[in-house]
Amino acid sequence: MGPEFSTQKPETKLIQRKMPVDEMDIIKDVKSGVIKKIVMLTGPEVSLASSFPDIHSFSKQCVDLISGDIPYPEAFLTKTYYSKSPQILNDLVRRILGHSYNPNAVHKFIKDMEDKKLLVKNYTACIDNLQIKAGSSPSLIIQFNGNIEDGYCDECKKNVLTESYLGAIKNGEELKCTECKNVVRPRITLLGEAYSKELANCAKNIRNSDLLIIIGASSLPIPISNMISYATEATPRLFIGESMPELKRMNKRDGDIFLTGDILSIIKDLSIKLDEIPK
Ligand SMILES: [Zn+2]
């Protein structure tokens, strides 16, 4: 049997839809079932709200760990640098994981969207693994920059059990791959490395969604900032961030909805309204 092609023309459906103009319209559309498929993009502000460091403080901490000169702070996070000095990254991970981090209101909101059967996928640049700790299904959470709590062998690609990896990291031990004896590294995407292959479906999921929510929108890294433009004119975009995002790459358009300020307060308010407002 050959491939099946859909005869549905999403553009036709789009024109018929009355687009929301503010968050209250969005809530009403969720309540009435107009919005059934939500894609969420989350950036480093969500990590910071749980006191998990972003790439800048990450890099700054790396500088503290090194005595020699480096060309620029983020150089530690390049594959080239890691290949030369793998222990620096592992030392940094040890430092970071020496603190505990807890899911915040954003993670709970995303889990709630899953429980309400509204979440298609959450694509996140965050490496803190907090969305999984909040109870989300791993199949719905695409951590395309990886996850600091997992380890693997860069040489033979063998996975290492999270418990073994975390145990070694926290004890200050250098964990070696059982197959090839290479030093095990954290499963985070270094600068210059490819993102998770699952990111390939992001554009399709955004195009087919009824709503795109971007949380932590004021400092979005590539490729999240590029993905946003995949939303069609029929998919409303709700931006939530500490400040207004830089929208050059995202094709700012009429109908975009912005909620700026403390992201935890904004999300808590949205959650309350979602639960309070009748259909
Ligand atoms: Zn190996």
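**Ground rules.** I number residues from 1 along each chain as its sequence is written. The model is predicted, so I take local features only at pLDDT of at least 70 and side-chain atom pairs only at pLDDT 80 or more, while totals for chains, interfaces and linings use all residues.

**Whole chain.** I counted 12 helices and 9 strands in the protein chain. Helices (H or I, at least four residues) and strands (E, at least two) are DSSP runs, numbered from the N terminus. Of the 279 residues, 36% are buried. Buried means 20 or more other C-beta atoms within 10 Å of the residue's own, with C-beta atoms placed from the backbone. I then looked at contacts (C-beta atoms, placed from the backbone, within 7 Å). Among those with a separation of 6 or more, 66% join residues 24 or more positions apart.

**The open sheet.** I read the strand order as S5-S4-S6, with antiparallel pairing. Pairing here requires at least two DSSP bridges between two strands. Strands S5 (159-160) and S6 (184-188) are the edges; each has a single partner strand, so one side of each lacks a neighbour in the sheet. S4 (residues 146-153) and S6 share 5 bridges. I located one of the partners: Asn147 bridges to Arg187 in S6.

H9 (residues 162-170) lies across S4, S5 and S6, at about 100° to S4. The angles run from 0 to 180 degrees between N-to-C directions, with axes fitted to C-alpha atoms, for helices over the stretch in contact.

**Strand S8.** Is S8 (residues 237-241) mostly covered or mostly open? It is mostly covered, with 5 of its 5 residues buried. Arg237, Phe239 and Gly241 lie on one side, Leu238 and Ile240 on the other. In a regular strand, side chains alternate between the two faces of the sheet. S7 (residues 211-215) pairs parallel with S8 over 4 bridges, and Ile215 has Ile240 as its bridge partner. S9 (residues 257-260) also runs parallel to S8, with 4 bridges. Phe239 stands opposite Phe258 in S9.

Terms used: Two residues are in contact if their C-beta atoms, placed from the backbone, lie within 7 Å. A residue is buried if 20 or more other C-beta atoms lie within 10 Å of its own, exposed if 12 or fewer, and partly exposed in between; C-beta atoms are placed from the backbone.
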